[in-house]
Amino acid sequence: MRDIAEIQNRISQAFTSLAPKDGSDDAAWNGVPRTPEQPVAANVQRHPGALRALFTKILKWRRPQATAPDVSGSPQIANVVHELRTPLNGILGMTHLLGQTKLTAEQQNYLSGIRQSGYALAQLVEDLLDHSTMEAGRFRLNNRAADLRQLIEGVVEMLAPRAHGKRIEIAATVSAAVPELLDFDPARIRQVLFNVIGNAVKFTTTGGVLVRAFIENETVAISVADTGPGMTEEEQTRIFGAFEQAGSAETRSGGTGLGLGIASRILAEFGGSLSVSSRKGNGSVFTIRYPMRLAEDAPAGAAVRNRSLFGSRVLLLAPDGPAAFATVSSIETLGGRGRHVSDPAQVQLLIDRAKATGSPYTDLIVDHRLASDYAWEPSHAPLHRILLVNPEERASQPQEYFDAWLIRPLREKSLVDVLSGRMRGFGARDRPVMDVPAPENSNSVDRKREAGPALDILLGEDDPVSGLLVAAVLRKAGHTVRSVEDFGSLIEALGENRPDVVLCDMHMPGGNIMDLISAASRTALQPVPVMVLTAESRGEARRKVIDQGACKVLQKPLDPAVLIEELRLFAQASSTS
């Protein structure tokens, strides 16, 4: 069993082994004096600035050895990161379960703070691992065919709660010239987008963030424009360095300064670049560029996509900002015609004028922030009236004057479905996987129905907190769970009563994950599918278990919504096979 003391000991051993052995003076450790027997990890714990100083020292120490075939520090850091993910999984998972209980508004605020801090710590852990991997020269890309538009929409959607919590807008639009499928590493581009867009949200307090993707000279370009404080020329020259940050002391305290440096190095591996244009007081525009490579047998897509809304003429009533710009831009990219107005008094005038010219509006989209000022008129009845709303504001909005709604930030498919009439009424859109879980007062029977058919699940997890978390999530979704804490008990339980699926941590005492997969494939009736849970981020390790027969690999810290969705898809596929 891994407890906190063991994790602290491993951190201490790893960092102590990485410390310089040349008797360097104490000034290099940010002015923190230490005796030879005092572990480096203790200084890190007691002095917040020591973590930055520690890794700066590691970089100086390792740089002369850069030509060596192996870098001894990387395995230790990877092991520390792996161990940190185990308690992180428990922290984030338990906040999910706690959020589904009855809490006061004050308790919900406290819980939200824990959740945000947990995700910030998870990002810090990932940044440190990526940094050490790059320093060791072990960074690799895994290119495959992927949809860039859906990737951008997913990242923006996941960052939207953070933006809306700050009362700023976030929106994205993708040019019709961007092919449907491109050849790139989607996991790494997602990481770049999270770092760059997340950085823009972090530093913006008024206005918003606009993401635009387009093709420029056979290069994929993604611009991220914000209305934040902007940067001086000196800040722009150092922003992509390791441990470098700009902005106020308050915003700098939210990270290590590794994110943009890592994003820049990832893009360099693609043969691309990350640049910034900014003026102090006027916001910033970060631009991601990398070579466009079409996926094999990729459909052209542009000719179909730019006619998806042909014949639609849309009037948008919304405040000025990124959301309005992106909405009109997306409508026109898809072949429709859009007009934005921010004054409710002009709505009737424009509708009457368009009707008189023989080109009447077909749709009226009203942003929820102006819905209370919108005056419905009988002449609006022929129009398809749509309410544009943030997901967290949906329940409090009037519905009597509208035929349907759209959730911000917009997904292109939802926009097409609503404007073309394929989606009407007020059905809820699928919740993004990083969204805050629904409160407990939602109907438990409905939640179980959404989770799909009940499964008999054999769970292998040696960490008691993680085991409790995963079992609780599965039982709440209506599944039956049998839990074991070592490979021997897992193999024994597998032979006693065949489960529908095995859910197992990759590293458990008493055996090897490959032995489990092999045993599951030889059960008497038919092979038992195995899903693997792991904090291991190396692509080769994950591919190895898939090649050996695992049906899925899920990353820790585990998102409960992702787990339930994967089991639902598994149950659905099993019932039709």
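**A walk through the predicted chain**

Leu182 lies in strand 3 (residues 182-184). Helices (H or I, at least four residues) and strands (E, at least two) are DSSP runs, numbered from the N terminus. This is a predicted model: local features need pLDDT of at least 70, side-chain atom pairs count only at pLDDT 80 or more, and totals for chains, interfaces and linings use all residues. Residues are numbered from 1 along each chain as its sequence is written, and side-chain values use heavy atoms, with hydrogens and water left out.

Stay with Leu182. Its relative accessible area is 1%, so Leu182 is buried. Buried means under 20% relative accessible area, exposed over 50%, and partly exposed in between (1.4 Å probe, protein chains only). Which residues does Leu182 touch, not counting residues up to four places away in sequence? They are Arg144, Ala145, Ala146, Leu148, Val220, Met292, Arg293, Leu294 and Ala295. Contact here means heavy atoms within 4.5 Å. Take Arg293: 111 residues separate Leu182 from Arg293 in sequence, yet their C-alpha atoms are 5.8 Å apart.

Now the whole chain. Residues 24 or more positions apart account for 67% of its contacts with a separation of 6 or more. The chain has 577 residues, and 47% of them are buried. Its secondary structure comes to 20 helices and 17 strands.

Next comes helix 7, residues 186-203. Helix 7 has 18 residues and reaches 25 Å from its first C-alpha to its last. That is close to the 26 Å expected at 1.5 Å a residue; the expected span is 1.5 Å times one less than the number of residues. At the start of helix 7, a side-chain oxygen of Asp185 comes to within 3.1 Å of the backbone nitrogen of Ala187. Helix 7 is mostly covered, with 14 of its 18 residues buried. Gln191 is found in helix 7. Gln191 counts as buried because its relative accessibility is 13%. Leaving out residues up to four places away in sequence, Gln191 touches Asp130, Ile262 and Ile266.

Move on to the loop between strand 4 (208-215) and strand 5 (219-226), the place of Asn217. Glu218 is found in the loop between strand 4 and strand 5 too. Phi of Asn217 is near 55 degrees, a positive value in a residue other than glycine. Glu218 is not a glycine either, and has a positive phi of about 60 degrees. Are these residues buried or exposed? Asn217 has 72% relative accessibility, so Asn217 counts as exposed. Glu218 is exposed, with a relative accessible area of 56%.

Another loop runs between strand 12 (404-407) and helix 14 (412-419), and Pro409 is found there. The peptide bond from Arg408 to Pro409 is cis, with omega near -5 degrees.

Five strands form an open sheet in the order 14-13-15-16-17, and the pairing is parallel. Strand 14 (480-484) and strand 17 (552-555) stand at the edges, each with a single partner strand, so one side of each is left without a neighbour in the sheet. Neighbouring strands of this sheet are turned by 20 degrees against each other on average, direction ignored. Axes are lines fitted to C-alpha atoms, for helices over the stretch in contact, and angles run from 0 to 180 degrees between N-to-C directions. Two strands pair if DSSP finds at least two bridges between them. Strands of a sheet pair through backbone hydrogen bonds, either parallel or antiparallel.

Look at strand 13, residues 456-460. Strand 13 is mostly covered: five of its five residues are buried. Asp456, Leu458 and Gly460 point one way, Ile457 and Leu459 the other way, and all are buried. Strand 13 pairs with strand 14 in the parallel sense over five bridges. Ile457 stands opposite Val481 in strand 14.

Turn to strand 17. Strand 16 (residues 530-534) pairs with strand 17 in the parallel sense over four bridges. Met531 stands opposite Lys552 in strand 17.

Finish with two helices. How do the axes of helix 17 (residues 487-496) and helix 18 (residues 513-521) cross? They come within 11 Å and cross at roughly 5 degrees. That makes helix 17 roughly parallel to helix 18. Angles under 35 degrees count as roughly parallel, over 145 as roughly antiparallel, 65 to 115 as roughly perpendicular and the rest as oblique. Phe487, Leu490, Ile491 and Leu494 in helix 17 meet Ile513, Leu516, Ala519 and Ala520 in helix 18. An α-helix has 3.6 residues a turn, so residues three or four places apart point the same way.

Note on methods:
A polar contact is a pair of N or O atoms within 3.5 Å; within protein, one must be able to donate a hydrogen and the other to accept it, and residues adjacent in sequence count only if both atoms are side-chain atoms.
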